[in-house]
Amino acid sequence: MGRSYNGWDELFLGEFAKPYFVELKKFLVEEYASKRVYPPKRLILNAFDHTAYDDVNVVILGQDPYYNPGQAMGMSFSVPQGVDVPMSLVNIFREIENDTGSPSCIKGGDLTPWAEQGVLLMNTVLTVVEGRPNSHKDKGWEIFTDAVIKYLNKRRRGMVFMLWGRNAYAKKSLIANPQHLVLTAPHPSPLSAYAGFFGCKHFSQANEFLARQGKFVRW
């Protein structure tokens with residue numbers, strides 16, 4: 001038997017067979033063989049391994065993985081336990097506390113507890129070369145992550161999409177069904193957090209929306 005994809009099988013197996021993904025896979029085999037590429041191969045689909053399709057309540061869309069050693073773990077903005085918390089994530093925690101009045105439930109920078117509550121932590125591009133942000137841009141990942149968003153958009157139950165930064169905002173047109181809540185803001189990086197990420201109140205808005213379905217995320 002092949003691998004199970006946590007409820008994403010129908011989408012993934014269809015995408016994996018398409019010519020663009022066959023080419024992407026060839027490209028990745030060469031990149032991983034010749035360069036330092038993050039996250040580790042086994043963690044490329046980690047966000048989906050931790051958040052089943054039927055369980056998605058919130059999608060937080062980032063750009064591409066962290067590009068420094070030991071940081072990327074296949075979930076946007078998340079780093080493994082024991083790794084220094086990157087400034088973008090520090091800013092996310094700051095906004096959570098300012099927005100909700102309580103500090104984040106996360107200790108360290110591993111956001112797995114969010115993923116296990118139905119928060120899909122997905123980047124628009126799922127791999128990157130060490131030290132080179134956007135190095136795997138336009139290689140096929142965007143087609144794949146577009147397909148994920150279109151697949152979620154079809155679902156009847158409303159979800160919250162948090163689109164942070166220009167790359168994420170470009171996906172907004174894919175979320176057409178009115179039952180979903182789409183929230184946009186600048187990226188939480190130190191370069192843009194003060195341009196509108198701070199004060200966006202996405203976390204309280206998400207829980208107000210989810211409360212109508214009897215759901216809640218402990219941020």
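Start with the sheet: select the 4 strands that make up an open sheet, ordered 3-2-5-6, with parallel pairing. Now colour strand 3 (119-123) and strand 6 (181-185): these are the edge strands, each with a single partner, so one side of each has no neighbour in the sheet. Look along the sheet and you'll see a twist that averages 15 degrees from one strand to the next. Keep in mind that this is a predicted model.

Next, zoom in on strand 5 (residues 160-164) and strand 6, which run parallel and are joined by 5 bridges. Show Trp164 here; opposite this residue, in strand 6, stands Ala185.

Bring up helix 8 (residues 202-211), which lies across strand 2, strand 5 and strand 6. Its direction is about 165 degrees to strand 5.

The crossing is right-handed.

Which residues in helix 1 and helix 6 meet? Show side chains for Glu10, Leu11, Phe12, Glu15 and Phe16 on the helix 1 side, and for Phe144, Ala147, Val148 and Tyr151 on the helix 6 side. Colour this contact by class and you get 7 nonpolar residues, 2 charged ones and no polar ones.

Conventions
Residues are numbered from 1 along each chain as its sequence is written. This is a predicted model: local features need pLDDT of at least 70, side-chain atom pairs count only at pLDDT 80 or more; totals for chains, interfaces and linings use all residues. Side-chain values use heavy atoms; hydrogens and water are left out. A crossing is left-handed if the near helix is turned anticlockwise from the far one by less than a right angle, and right-handed if clockwise. Helices (H or I, at least four residues) and strands (E, at least two) are DSSP runs, numbered from the N terminus. Contact means heavy atoms within 4.5 Å. Ala, Val, Leu, Ile, Met, Phe, Trp, Tyr, Cys and Pro count as nonpolar, Asp, Glu, Lys and Arg as charged, and the others, Gly among them, as polar. Two strands pair if DSSP finds at least two bridges between them. Axes are lines fitted to C-alpha atoms, for helices over the stretch in contact, and angles run from 0 to 180 degrees between N-to-C directions.
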